[in-house]
Amino acid sequence: MRCSDGWGGVSYAPCPPEEFCGRREEREHLGALLSRAGGQAVMISGPPGIGKSSLLNWLAYEVQERPGGLQSPVLRGEVFDLPGMIFSVFRDLLKDLRRHAATARFGGDLGLESMREAIRYAGDVLEKYVAPVEPVGLLAKTGEEIIGVFAESPEVGYDRVREAFLELLQELGRVMSVTGRVAAVLLDDVHLASSLDRRLLLDIMHDLPPGIFLAFTCRAEDGTCPGYPTMQEEIRNLGFSTIRLSEMRVSEIQELAQRRFNLTINEAAAGLLEESAGNPFGLMACFNTLNYRGLDPTLEKIADLLTGSRDPADLAYSGLPESWKDWARELSVLNPPFPVPVVACMLGLEGSSLADRLREIGIFRRLPGGEYAFAHPLLQEHCRRELPDDAKSALNARAADCFERSMHRLSGRLHALLSLACHFFHAQEYEKAADLNLELGLRFYHREDYDTALVLTERAITAAGYLGDDALLAAAEQQRDLIRQKIASPVRAVP
Ligand SMILES: Nc1ncnc2c1ncn2[C@@H]1O[C@H](COP(=O)(O)OP(=O)(O)OP(=O)(O)O)[C@@H](O)[C@H]1O
Ligand SMILES: [Mg+2]
């Protein structure tokens, strides 16, 4: 996956399966699990950039595409860093199922009426839980348009969601078992999932039917995965496996350099990399920079590169063309997935030429739904960290404006509202931020997503404080106390 624009580098996106290197033990482990009878689940964990999403890509290929492989359907979903996108990853799985059901390849099994009915029912229930009702008019202050948002209380409870999803998986598993196959459900970045999504995932694991193989990735580092220890314990209690990825070894480093960058690295240089940058993202940054600067991959040059950079994301970023850096900085305030009209508005470009430009640029990737994200989250995190405060608030103001202008063209209304709530707040537009965050916070409270409710309500408290609006502040604090009570409640069965 080579990129143009004179950069000639290799994209920082998760590795395509045909370029995947090393990880032999882990691949064998996954292969053995796939051939086992009964529902199987596995958690793939490890620090940022270690190769979790790449391994998931390889697994997807192995299950669905490899000639002579399982030739079984894969359902995939990715969780993004925007608290409150409840069940969005499960809705993506349903989209994949619907797509498969309409193909000649899998339609014979997945297009059966019983299967279609289960998909329809699960889809309806998920929609009802997060369904928008329009117009409600309560967000009039956020723009010209009256913005719809889901009802204060959901029409169905969580139990119906769980039941519908489990029934769907049972039907899917039954259809698969009849033909001696397995359907793989792959979820990336579960550490970003809201507490409700994690709860559904755990419930699914508890009742995983035969014919279903569930694999999910979870970043494991301090503070980034609130549910990680619980998830790890649960998965062990249920007798499922965990795969913890560690840094690459000398032979894997040499393979990666050769296969993806056409670089031959000697043992001494690979040994240094193993010690100091054996994380694949760090290796990618190092090899891309060597190539970009036209340096030989010698021990001395590699040692210089490593000592001259603060961290792998810094090295990756510093080796990018200047025009890309501007785009990266400007888009870093957005919450993925980035809708095309918003990206076009942020960059002041037309939508049609934009798609071509973004495709060429190795620091972004196109998502299955047509939106965009940074090729790797570490690049976005780096750009955000480096933004000075005034640039951060100006870019957030621009992002809020772009969302308001594009609202009528965006299909993901929940994403748009949560993004707006975030951008108004970071743009210090406190009047709009207070109203929107408080209202959304209440709705998440009624959906039992207390973590998101708390984030939103705390923003409303801060905003009300800046505005000096005592009535609003009191209302927001009261809402926060209610949420805290729920979080502290011992019956809360969420990791
Ligand atoms: N086995 C591999 N072979 C070749 N390239 C790899 C391999 N593993 C990872 N990479 C490359 O390393 C980088 C980081 O990998 P990846 O995105 O899979 O990490 P991750 O663990 O999912 O990171 P994060 O926790 O931030 O999501 C990517 O650019 C990817 O292409
Ligand atoms: Mg990843």
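**View 1. The shell around ligand 1 is made of 13 nonpolar, 7 polar and 6 charged residues.** Here Ala, Val, Leu, Ile, Met, Phe, Trp, Tyr, Cys and Pro count as nonpolar, Asp, Glu, Lys and Arg as charged, and the others, Gly among them, as polar. The model is predicted: local features need pLDDT of at least 70 and side-chain atom pairs count only at pLDDT 80 or more, while totals for chains, interfaces and linings use all residues. Residues are numbered from 1 along each chain as its sequence is written, and chains are lettered from A and ligands numbered from 1 in the order in which they are written. There are 26 residues around ligand 1, and C15, G51, S53, S54 and P280 come nearest; a residue is near a molecule if its C-beta atom, placed from the backbone, lies within 6 Å of it. Helices α2 (52–65), α9 (250–261), α11 (280–292) and α17 (377–386) each give at least two residues to this shell. Helices (H or I, at least four residues) and strands (E, at least two) are DSSP runs, numbered from the N terminus.

**View 2. The largest nonpolar core contains 156 residues.** Such a core is a set of buried Ala, Val, Leu, Ile, Met, Phe, Trp, Tyr and Cys residues joined through C-beta atoms within 7 Å. A residue is buried if 20 or more other C-beta atoms, placed from the backbone, lie within 10 Å of its own, exposed if 12 or fewer, and partly exposed in between. A184, A215, C286, L379 and A421 have the most contacts inside this core. Apart from neighbours within four places in sequence, L379 is in contact with Y12, A313, A316, Y317, A328, I363 and F374; contact here requires C-beta atoms, placed from the backbone, within 7 Å.

**View 3. Helix α21 runs from residue 450 to residue 467.** Its 18 residues reach 25 Å from first C-alpha to last, close to the 26 Å expected; the expected span is 1.5 Å times one less than the number of residues. The cover over its buried residues includes α7 (195–206), α19 (413–426), α20 (430–446) and α22 (470–488).

**View 4. L456 and R459 are two of the buried residues of α21.** L456 has 31 other C-beta atoms within 10 Å, so it counts as buried. Beyond residues up to four places away in sequence, L456 touches A421, N437, L440, G441 and F444. R459 is buried with 24 other C-beta atoms within 10 Å, and its contacts, leaving aside neighbours within four places in sequence, are F425, A433 and N437. R459 and L438 lie 21 residues apart in sequence and 8.0 Å apart in space, C-alpha to C-alpha.

View 5. Most residues other than glycine have a negative phi, and most peptide bonds are trans. Q71, not a glycine, has a positive phi of about 55 degrees and lies in the loop between α2 and β2 (74–78). Q71 is partly exposed, with 13 other C-beta atoms within 10 Å. D189 has a phi near 65 degrees and sits in the loop between β5 (183–188) and α7. D189 counts as buried because 21 C-beta neighbours lie inside 10 Å. The peptide bond from P336 to P337 is cis, with omega near -5 degrees, and P337 is in the loop between α14 (322–331) and α15 (340–347).

Key. Contact = placed C-beta atoms within 7 Å.
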